[in-house]
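Biologist: Could you take a close look at the salt bridges for me, and at how the helices around them are described? Which residues pair up, and how buried or exposed are they?

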Amino acid sequence: TQAALKISSCFGTSVNSTIIKTLMSASPLLQTFQEELDKAVDDGFMDKDDLGSTYKFVHDKVREAAYGLIPEEDRNRFHYTVGMLLFNTIDGKNIDSIIFLMVDQINHGTTYLSSDQRITVAELNYGAASKAVENSNFAAAFFYSNAAMKLLPENHWESHYDLSRKIFLVLGNAARSYGRIAEATSALDEILKHGKLLKDKLDAYYLKIALLHTHQELKKSFDTCVEVLKQLGETIPATINRQFFVKRAEKVLAKLNVMTENDMKTMKSPFHMSLLQFYNRGCFTSYFVQLPMMKWFACRMVEISLEHGFSKYSALGLMWFTMILAGDLIYDVHAGYRVGKIALKLLKRFDANDLLPNAYLIYYSYPAVHIEPIQSCAAMLKRGFEIALSTGDIQTALVNGVQYIQKSFLSGANLSVLKKECDYQMRLIEAHSQPVTKIYLVALQETISMLIGQAEPSNLKQSDEDVSEVGEFPLSKVFHSVMRNFWLGHVERCLYYAERYSAKSVIAQLKTTLVVFYGGLSCFQCSKKLNKKRSQLAKQAINVLR
């Protein structure tokens, strides 16, 4: 019974049926392992569940006492021996069911491994890391991939090239999602340094571009993306001719309008799938640093899909294209809405749940908000926030979160509830160092605080001071000034900011409508002081109401 208790203690507070059966078949000495566990139950050391599949120590102190039966100097070897018994016995197709428990045991004894065994155990740790990434357990993935890296020989890039590339890639991905930025950067740079072919580096480039974006190195992220696209044979223009581009976008829309879902053949080419991935990342980054290029990238994504077939990234290309349709170049919101619906169907067709947060962010922030109830758009943005957070895509989660709060605010949601949501998301933003996203949330947080009396109106002037211009933020700042001043009764100030607000906004068309409306209401309140310019604003407001 002591032997059974010692072995069980190595697995923590409980041991399951898969471990028990595997150990029983691993050695003649362990054939009575389950019988000994039953004796431990009878003696009051362990409990057994109703199905008899799991044995659990009755208390942590009992488990500690059982573990104490193993001499301290022998514990690493003991763990290692148990782990190797499992590895040498488990059927390959069942290894996933115990891989974490097995690898944890083996990792205690890496000093006992031969050169060949170190490679085998490195592969096991890589497998555990990959499984952890699938489960969105990035802390565990980082631990296992880091252990795998340390088991590689000095000349691993020459002797074990493919394994090295796989280990460093999963390490970079896990470290990025776990917030270990230095380790992520180092791992990805290793692949970019030692990769033999461009195709071997593409996944590392993609993660590096995302990493740079996440940590606000936006220009560098954009430049790297453009460089990779050029290496893939794409021609990226330095400037965009507006008139030429409008004709190009209209031509793409005309092709989409006559296509049915059956006409959208599945893309087969891995090369073109890679192109779409990088163009998608380019759209996301260029939105903040070079907005005209976002339009060009989006149009190019749809062109590639029309020519070479559709994939899950084509759906995102269509989503980005909706922003062109709803913007000032074409301004056909209903067309954007229709294309967005097609994109959602494609995501469902390709079972691309991993891309839903990105799709929801674009669709429910821009075209859908003009057609569907704003409350339902807010709910879907919150869903995007939750999905992205669960998969470790912190950046997309937080942008969805800010859009969810903004749309909820505009829909008339309870401001006290929204203030709590702001505070929660602010903690996440600060924990993950997202200064650009923080700028937008701070503006919302300040507006809501002022309107519910938790911030002094005297702070309004200070909040209206210029800040770093990132993306569409200067425009967003003016929008908040309109809202604050109107609801706090400063109608002259509201008019001032409404006049500053550009009606030609590409992205914030809903906010443009609201600014014109509130500016018009302010005009009526200041009717005695209306000048010709403000009379025009009042007429625009009447048109909004119509």
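Modeller: A salt bridge here is a Lys or Arg side-chain nitrogen within 4 Å of a carboxyl oxygen of Asp or Glu. Bear in mind that this is a predicted model, where local features need pLDDT of at least 70, side-chain atom pairs count only at pLDDT 80 or more, and totals for chains, interfaces and linings use all residues. Residues are numbered from 1 along each chain as its sequence is written, and side-chain values use heavy atoms, with hydrogens and water left out.

Searching the whole structure turns up 16 salt bridges. Take Lys219 and Asp223, whose closest N and O atoms sit 2.8 Å apart. They are four residues apart in helix 13 (residues 218-231), so about one helical turn separates them; helices are DSSP runs of H or I with at least four residues, strands runs of E with at least two, numbered from the N terminus. Asp223 is partly exposed at 36% relative accessibility (buried is under 20%, exposed over 50%, partly exposed in between, with a 1.4 Å probe and protein chains only).

Lys39 and Glu36 also pair up, at 3.7 Å from N to O. Those two are three residues apart in helix 3 (residues 33-42), again about one helical turn. Lys39 is partly exposed at 41%, while Glu36 is buried at 17%.

Then there's Lys312 with Asp354, closest N and O atoms 3.0 Å apart. Lys312 belongs to helix 17 (residues 312-325) and Asp354 to the loop between helix 18 (333-349) and helix 19 (356-365), so this pair ties together parts 42 residues apart in sequence. Lys312 is partly exposed at 25%, and so is Asp354 at 41%. Elsewhere, salt bridges with shared partners join Glu234, Arg248, Arg300 and Glu303 into one network.

The axes of helix 15 (residues 270-289) and helix 16 (residues 291-308) come within 7 Å and cross at roughly 160 degrees; axes are lines fitted to C-alpha atoms over the stretch in contact, with angles from 0 to 180 degrees between N-to-C directions. That makes the two helices roughly antiparallel (over 145 degrees; under 35 is roughly parallel, 65 to 115 roughly perpendicular, the rest oblique).
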